[in-house]
Amino acid sequence: MNKSLAFVATTISTKFHFPPSLCRSYSSPSSLPSSNKLFVGGLSWSVDENSLKDAFSSFGDVTEVRIVYDKDSGRSRGFGFVIFSNEDDAKSAKDAMDGKALLGRPLRINFALEKARGVPVVVPRLSDIGHLNRH
DNA sequence: GTTGAGCGTT
């Protein structure tokens, strides 16, 4: 009887092709949802926003380039962001530049995590805590 | 003169 169950399972798995909507683990391999904003890591310490833009502007319109510098030391933290006006340009730039070297260091590119902009931040209120002491 | 995975100073 186990054999017949195995037969059924095999039959099902070979006969059915599940629609992509049910196979979401394959929809974005090794990354995040597509966007026009790229996280660029692995930068050489000496790369500035200009040379980074030059490296990416051939793939489309670069809306913004931002390299993250340390607040106190002022030196590059070795990563930054490149924003394209077009989402497809960002994707092709990522595919083309990921792993490629810039100024001697291989780039690590990914779609950027969305830094919560426009999302209201709810903070606890002291006036509400006061109600806890009330009967 | 330094470091080497990661997700940002207005």
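Here are some notes on the protein chain and the DNA strand in the model above.

1. Ground rules. This is a predicted model, in which local features need pLDDT of at least 70, side-chain atom pairs count only at pLDDT 80 or more, and totals for chains, interfaces and linings use all residues. Residues are numbered from 1 along each chain as its sequence is written, chains are lettered from A and ligands numbered from 1 in the order in which they are written, and side-chain values use heavy atoms, with hydrogens and water left out.

2. The overall layout. Chain A has 4 helices and 6 strands; these are DSSP runs numbered from the N terminus, with helices being H or I of at least four residues and strands being E of at least two. Reading from the N terminus, you get the order α-β-α-β-β-α-β-β-β-α. Take the contacts (heavy atoms within 4.5 Å) in chain A between residues at least 6 apart in sequence: 61% of them join residues at least 24 apart.

3. Of the 135 residues in chain A, 24% are buried. Here buried means under 20% relative accessible area, exposed means over 50%, and partly exposed is in between, using a 1.4 Å probe and protein chains only. Chain A exposes about 10500 Å², and carbon and sulfur atoms supply 56% of that. The areas come from the Shrake-Rupley method with a 1.4 Å probe, and for residues only the protein chains shown count as cover.

4. The core. The largest nonpolar core has 19 residues, and L38, V40, L52, F56, V82, F84 and L107 touch the most other members. Such a core is a set of buried Ala, Val, Leu, Ile, Met, Phe, Trp, Tyr and Cys residues joined through side-chain atoms within 4.5 Å. At least two residues each come from strand 1, helix 2 (49–56), strand 2, strand 3, helix 3 (87–97) and strand 6. Have a look at L52: leaving aside neighbours within four places in sequence, L52 is in contact with V40, L43, V47, V65, I67, V82 and L102.

5. Where the DNA sits. There are 23 residues around DNA strand B, with K37, L43, W45, R77 and F79 coming nearest; a residue is near a strand if one of its heavy atoms lies within 4 Å of it. By class, this surface has 11 nonpolar, 4 polar and 8 charged residues. Of the DNA strand B atoms within 4 Å of the protein, 19% belong to sugar or phosphate and the rest to bases.

6. A polar side-chain atom of K37 is 2.7 Å from a base oxygen of DNA strand B. Polar backbone atoms turn up too: one of I67 lies 3.1 Å from a base oxygen, and one of R77 lies 2.9 Å from a base nitrogen. The elements giving two or more residues to this surface are strand 1 (37–41), strand 2 (62–69), strand 3 (76–84) and strand 6 (108–111).

7. F79 up close. F79 is in strand 3. Not counting residues up to four places away in sequence, F79 touches F39, V40, G41, L43, I67 and V68. The C-alpha atoms of F79 and I67 are separated by 6.1 Å, with the two residues 12 apart along the chain.

8. Two loop residues. S44 sits in the loop between strand 1 and helix 2, and counts as buried because its relative accessibility is 11%. Leaving aside neighbours within four places in sequence, S44 is in contact with L102, L103 and R105. L103 is in the loop between strand 4 (101–102) and strand 5 (105–106), and counts as exposed because its relative accessibility is 52%. Phi of L103 is near 55°, a positive value in a residue other than glycine.

Conventions
A polar contact is a pair of N or O atoms within 3.5 Å; within protein, one must be able to donate a hydrogen and the other to accept it, and residues adjacent in sequence count only if both atoms are side-chain atoms. Ala, Val, Leu, Ile, Met, Phe, Trp, Tyr, Cys and Pro count as nonpolar, Asp, Glu, Lys and Arg as charged, and the others, Gly among them, as polar.
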